[in-house]
Amino acid sequence: MSQVLKLILIALFMAIGTVLHAVVPSFPMKPDLLLSMMFLAIFLLSDRKNFLVIGLVAGLLSGLTTTIPGGFLPNVIDKLITASVIFGIFSLIRNVIPKYVNALVLTALGTVLSGTVFLTSLALFISLPPGTSFLGLFLAIVLPTAAINTVLMAVVFPIAQQIMKNSISNRNTVKKVG
């Protein structure tokens, strides 16, 4: 797959994730559904050349659509760290564990990591929302978001994987015929 096509698909995943992130209500923090699209891009399209770009773009877009005061910088920090860690783990185990299982486990773990880094960054650089605690936000927002993102990945990953497989085989067929 060409690098240009990869970048177009990454942009599409990021756009879908941004819409999901923008429309989800706050409680006082938003569940970050953009993460599932970031992970999908990492699992299906990333390489050493673009995983940081995926994390940076996801962080910027998530930061722009956050409703938590001061949440922009913590979003950028958390997505860069999370993308790096998940890409590293994914690269190490992608040939050991079936892709589908890998995607689900890493989505759950990555969402927990992202939420932890976000809350820590927010607490260190800004402050947690008044009347909330790290543990309270972790239990009320991060863990449910991990479950939601994992279910979303369970549904979307096989569909996206099949679409990519079909588009690559169709592209190869066109090349052979043409």
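Predicted model: local features only at pLDDT ≥ 70, side-chain atom pairs only at ≥ 80, totals over all residues.
At 16% relative accessibility, Phe138 counts as buried, because buried means under 20% relative accessible area.

An α-helix has 3.6 residues a turn, so residues three or four places apart point the same way. The ring centres of Phe134 and Phe138 are 6.4 Å apart and the planes meet at 10°, so this pair is stacked.

**A tilted pair between helices**

How many aromatic pairs are there by the rule used here? The count comes to five aromatic pairs. One of them joins Phe43 and Phe90, and it is tilted, with 5.2 Å centre to centre and 40° between the planes. This pair links distant parts of the chain: Phe43 lies in helix H2 (residues 34-45) and Phe90 in helix H4 (residues 72-93), 47 residues apart. Phe43 counts as buried at 8% relative accessibility, and Phe90 counts as buried at 4%. Together with Phe39, Phe43 and Phe90 form one aromatic cluster.

Here are the two pairs described so far.

| Pair | Centre to centre | Angle between planes | Kind |
|---|---|---|---|
| Phe43 and Phe90 | 5.2 Å | 40° | tilted |
| Phe134 and Phe138 | 6.4 Å | 10° | stacked |

How many residues of H2 are buried? The number is 12 of the 12, so H2 is largely enclosed by the rest of the structure. Among the buried residues of H2 are Leu34, Met37, Phe39, Phe43 and Leu45.

Helix H3 (residues 51-64) has 14 residues and reaches 20 Å from its first C-alpha to its last, close to the 20 Å expected at 1.5 Å a residue. The buried residues of H3 are Phe51, Ile54, Gly55, Ala58, Gly59, Ser62 and Gly63. They cover an arc of only 155° around the axis, which puts them on the same side of H3. What do the buried residues of H3 pack against? Their partners are helix H1 (3-23), H2 and H4.

**The loop between them**

Asn50 is found in the loop between H2 and H3. Is Asn50 buried or exposed? At 2% relative accessibility, Asn50 counts as buried. Leaving aside residues up to four places away in sequence, Asn50 touches Gln3, Lys6, Ile10 and Leu45.

**A cavity**

Rolling a probe the size of a water molecule over the atoms shows where empty space is left. A search of the whole structure finds one cavity of 30 Å³ or more. The largest cavity has a volume of about 180 Å³. Its lining is made up of 19 residues, of which Met29, Lys30, Asp32, Asn75 and Phe118 lie nearest the centre of the cavity. H4, helix H5 (99-125) and H6 each supply at least two residues of this lining. Which helix gives the most to the lining? H5 does, with four residues.

Conventions: Residues numbered from 1 in each chain as written. Heavy atoms only, no water. Phe/Tyr/Trp six-rings, centres within 6.5 Å; stacked < 30°, edge-to-face > 60°. Buried < 20%, exposed > 50% of the residue type's maximum accessible area, 1.4 Å probe, protein only. Expected span 1.5 Å × (residues − 1). Arc of directions from axis to C-beta. Contact = heavy atoms within 4.5 Å. 1 Å grid on protein atoms, 1.4 Å probe; cavity = no way out; pocket = protein on both sides within 12 Å on 5 of 7 lines; lining within 4 Å. Points joined across faces, edges and corners; volume = space filled by probe spheres on them.
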